[in-house]
Amino acid sequence: MQIRTLEIGVGLFLLAGLLALLLLALRVSGLSYGASGDTYKLYAHFDNIAGLTVRAKVTMAGVTIGKVTAIDLDRDSYTGRVTMEVEQRVDNLPADSTASILTAGLLGEKYIGISVGGDDELLKDGGTIRDTQSALVLEDLIGKFLLNSVNKESK
């Protein structure tokens, strides 16, 4: 009887560990299993979206206020168009706010950071953030550095 109790205890401990890993995987992947609440859509156009994915965070002052719901190519301007869902509690974004594609850490995930402007006019549902800053591509930066050092050596 004591061996059976030990086996059940080990089984429950293993099950709790597996559930904890599943919950951790859901949190890290950005998948949500609950309702996101009231949101409104905003759009932004970027010259380079390198590495940004759907379900990436939208933050302001380091606080998550929404997520990226779609990324597509604007056929008229040939830029990347990002659709974001922002929580309704943040309904006072000025129209001249800036959206930047940022990286968490040196090689971490990409997300959108919104910097608040000072305009009296506010962004509404379906509004577009005009002032954007594209992603910094590490390969381009390394290429420019190497090209610059080669040009200095040849002089």
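A nonpolar core is a set of buried Ala, Val, Leu, Ile, Met, Phe, Trp, Tyr and Cys residues joined through side-chain atoms within 4.5 Å. In this predicted model, the largest such core has 23 residues, and those with the most contacts inside it are Met-84 and Ile-112. The elements that each give two or more residues to this core are strands S1 (39-46), S2 (57-60), S3 (63-74), S4 (79-87), S5 (98-103) and S6 (110-115), and the largest contribution, four residues, comes from S1. In soluble globular proteins, nonpolar side chains tend to be buried together.

**The annotated region**

- The UniProt record, an unreviewed entry, places the feature "domain: Mce/MlaD" at residues 39-116.

- S3 and S4 pair in the antiparallel sense over eight bridges, and here Leu-73 stands opposite Gly-80 in S4.

**Surroundings of Met-84**

- When neighbours within four places in sequence are left aside, Met-84 is in contact with a series of residues that includes Tyr-40, Lys-41, Leu-42, Tyr-43 and Ala-44.
- The contacts of Met-84 also include Val-58, Lys-67, Val-68 and Thr-69, together with Ile-112 and Ile-129; of these, Ile-112 is named with Met-84 as having the most contacts inside the core.

**Charges over aromatic rings**

- Arg-81 lies over the face of Tyr-43, at 4.2 Å from the ring centre, and Lys-57 lies over the face of Tyr-111, at 5.7 Å from the ring centre.
- As for rings facing one another, the count of aromatic pairs, with ring centres required to lie within 6.5 Å, comes to zero.

**Asp-74 in strand S3**

- Asp-74 has its place in strand S3, and this residue counts as buried because its relative accessible area is 18%, where buried means under 20%.
- Not counting residues up to four places away in sequence, Asp-74 touches His-45, Thr-79 and Arg-81, and Arg-81 is also the residue that lies over the face of Tyr-43.
- Asp-74 and Ala-135 are 61 residues apart along the chain, and their C-alpha atoms are separated by 17 Å.

- Arg-55 is found in the loop between S1 and S2 and has a phi near 75°, a positive value in a residue other than glycine; because its relative accessibility is 43%, which falls between the limits of 20% and 50%, Arg-55 counts as partly exposed.
- Tyr-78 is found in the loop between S3 and S4, in a hairpin with four residues between the strands, where Tyr-78 takes a positive phi near 55°.
- Tyr-78 has a relative accessible area of 67% and is therefore exposed, since exposed means over 50%.

Definitions and conventions. Residues numbered from 1 in each chain as written. Predicted model: local features only at pLDDT ≥ 70, side-chain atom pairs only at ≥ 80, totals over all residues. Heavy atoms only, no water. Buried < 20%, exposed > 50% of the residue type's maximum accessible area, 1.4 Å probe, protein only. Contact = heavy atoms within 4.5 Å. UniProt positions renumbered as here; feature names shortened; annotations may be inferred. Phe/Tyr/Trp six-rings, centres within 6.5 Å; stacked < 30°, edge-to-face > 60°. Lys NZ or Arg CZ within 6 Å of the ring centre and 35° of its normal. Pairing = 2+ DSSP bridges.
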